[in-house]
Amino acid sequence: MSLSAAMKTAQSSFSNVGLQSAVASKNIANASNPNYARRAAILATASSGATVVETQRAQNEALLKQNLLSISKSSGQETLLAGLTQMKMMMGGEDYELAPSTYLAKLRDNLQTFADKPSEVSLAETVVADAIDVANALNSTSNALQKLRAEADADIDTAVVELNRLLTEFKTYNDKVRQGTAAGTDVNDALDQRDKLLTEISGLIGVTTVNRTNNDLALYTSDGTVLFETVPRTVSFLPTTTFTAAVDGNQVLIDGVPVQAGAGGNTSAQGSIAALLQVRDYVAPTFQKQLDEIARGAIEVFSEGGVEGLFISNGLPAVTDPGLAAVIRVNPDVISSEGGNPTKLRDGINAVYNTDNNASFSELLNGYASAFEAPMSFDPDASIETTTTLLSFSSSSVGWLEEIRSAATTAGGDKSALLGRTQEALLNVTAVSLDEELALLLDLEQSYKASAKLVAAVDEMIASLLQAAG
């Protein structure tokens, strides 16, 4: 090997070591950055020896797509479970002690006691107090449900604003990747940012990717709607200011195409937006329908000849209208604090059935108690039994919520575990290992020393030649 060739080899080695050291240093500096993918300086053989030809970014397309899907599913499941848990807390938590079914059972028991001892006014007061508890439970739960729907609607609005922002930012980095790839420049930092935005987008809505010329990405929702293709599509939503049982929320539209709500306890929702739509438009309204049917059943059980008795709809045009549970109340004619007489429950509220003013008169009370045990027809839209007793229907309402919440809890654990495994597998490919990087730096140090020795040897040879020539 000539001295000039040796110097060129040493020079090439110094250049390679410098570039490789810079890449390793950048890896080490970003070791704790979850959005950074490890870089590697790729060497190739050249006339003067090996040379760095590119800085390659660690990636795995299949794992990235699986990670996006897992994020979407886990986000949707967590959002649904949060809504269901909030609904459970409305009724007292684990034991459902504030549920209408709990108060209805207590009302039925004390009503039977009063029917057995109709002369005791204190028992009449107790039954009326129990009825007030039933009405209050229906009112408060109904109001809380509509508040939950309003909160879900507001969260949808926030999510849509954030999604539009992310898509706009995604365009910025996608353009950098596309243009840089076409020009042959380093686009690794832009790819990191683009992948980071993808993970954030997938938490809001299910997304699939299609890689096109020059590493350009097109995004589609899980149901095939175009979300981004060169430019972001407009995601629009008009929030609702006030919710009642009769008010429906507005749709989320992507270029005019509505986003579909999730379904089931193990929800089909991908991303928080679809799950919020499920809470707002299906779960809460279905439970509201059940509450309305419980309220209607209570009115019918205590009606007198088809006329409202102990419970009244408080001016609602029809007991079949949405929102009955929010307005049902106890007839003031039997409430002592409102000038009423609780013994009217025994003798008749709208007409006098106990014409002899008999203290042992129990015909009406026994009729109410029997009505509690008689099958009634309920609306199929309530999604539970259509023919059963009032108490059984109210208990089934709690069971319906607990069943869907239990399914959501189990699915949440499964999807969270899958997400954890997917992220771990992806990190094994893309994450920086400090041990590996430090070991590489030690190797580079040895390469540098070897090159330095080569330069020193060439220097000595040249010095010897010059001395001999002199």
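User: What should I know before I start reading?

Analyst: This is a predicted model, in which local features need pLDDT of at least 70, side-chain atom pairs count only at pLDDT 80 or more, and totals for chains, interfaces and linings use all residues. Residues are numbered from 1 along each chain as its sequence is written, and side-chain values use heavy atoms, with hydrogens and water left out.

User: How many helices and strands does the protein have?

Analyst: Start with the definition. Helices (H or I, at least four residues) and strands (E, at least two) are DSSP runs, numbered from the N terminus. The protein has 11 helices and 13 strands.

User: What percentage of the residues count as buried?

Analyst: Buried means under 20% relative accessible area, exposed means over 50%, and partly exposed lies in between (1.4 Å probe, protein chains only). Of the 470 residues, 43% count as buried.

User: How do I read two packed helices?

Analyst: Two packed helices are described by the angle between their axes and the distance between the axes. Axes are lines fitted to C-alpha atoms, for helices over the stretch in contact, and angles run from 0 to 180 degrees between N-to-C directions. Angles under 35 degrees count as roughly parallel, over 145 as roughly antiparallel, 65 to 115 as roughly perpendicular and the rest as oblique.

User: At what angle do α3 and α4 cross?

Analyst: Roughly 165°. Helix α3 covers residues 100-116, and its axis comes within 9 Å of that of α4. The two helices are therefore roughly antiparallel. Their crossing is left-handed. A crossing is left-handed if the near helix is turned anticlockwise from the far one by less than a right angle, and right-handed if clockwise.

User: Which residues make that contact?

Analyst: Contact means heavy atoms within 4.5 Å. From α3, the residues include Y103, L107 and F114. From α4, they include L123, V127, V134 and L138. By class, the contact of α3 with α4 has 13 nonpolar, 4 polar and 3 charged residues. Ala, Val, Leu, Ile, Met, Phe, Trp, Tyr, Cys and Pro count as nonpolar, Asp, Glu, Lys and Arg as charged, and the others, Gly among them, as polar.

User: How does α2 meet α4?

Analyst: Helix α2 (residues 61-90) and helix α4 (residues 121-183) have axes that come within 10 Å and cross at roughly 160°. They are therefore roughly antiparallel. This crossing is right-handed. G83, Q86, M87 and M90 of α2 meet T141, A144, L145, L148 and E151 of α4. By class, that contact has 5 nonpolar, 3 polar and 1 charged residues.

User: What is the packing of α4 and α6?

Analyst: Helix α6 is residues 272-301. It packs with α4 at an angle of about 165°, with the axes 9 Å apart. The pair is therefore roughly antiparallel. The crossing is left-handed. By class, the contact of α4 with α6 has 18 nonpolar, 4 polar and 4 charged residues.

User: Is Q288 buried or exposed?

Analyst: Q288 lies in helix α6. It is buried, with a relative accessible area of 3%. Leaving aside its neighbours within four places in sequence, Q288 is in contact with S142, L145, Q146, A245, G323 and A325.

User: How do I check the length of a helix, say α5?

Analyst: The expected span is 1.5 Å times one less than the number of residues. Helix α5 (residues 188-204) has 17 residues, so it should span 24 Å. Its end C-alpha atoms are 25 Å apart, which agrees. Of those 17 residues, 12 are buried, so α5 is largely enclosed by the rest of the structure. Among the buried ones are L191, R194, L198 and I201.

User: What surrounds L219?

Analyst: L219 lies in strand β4. It is buried, at 0% relative accessible area. Leaving aside neighbours within four places in sequence, its contacts include L167, F170, L198, I201 and F228.
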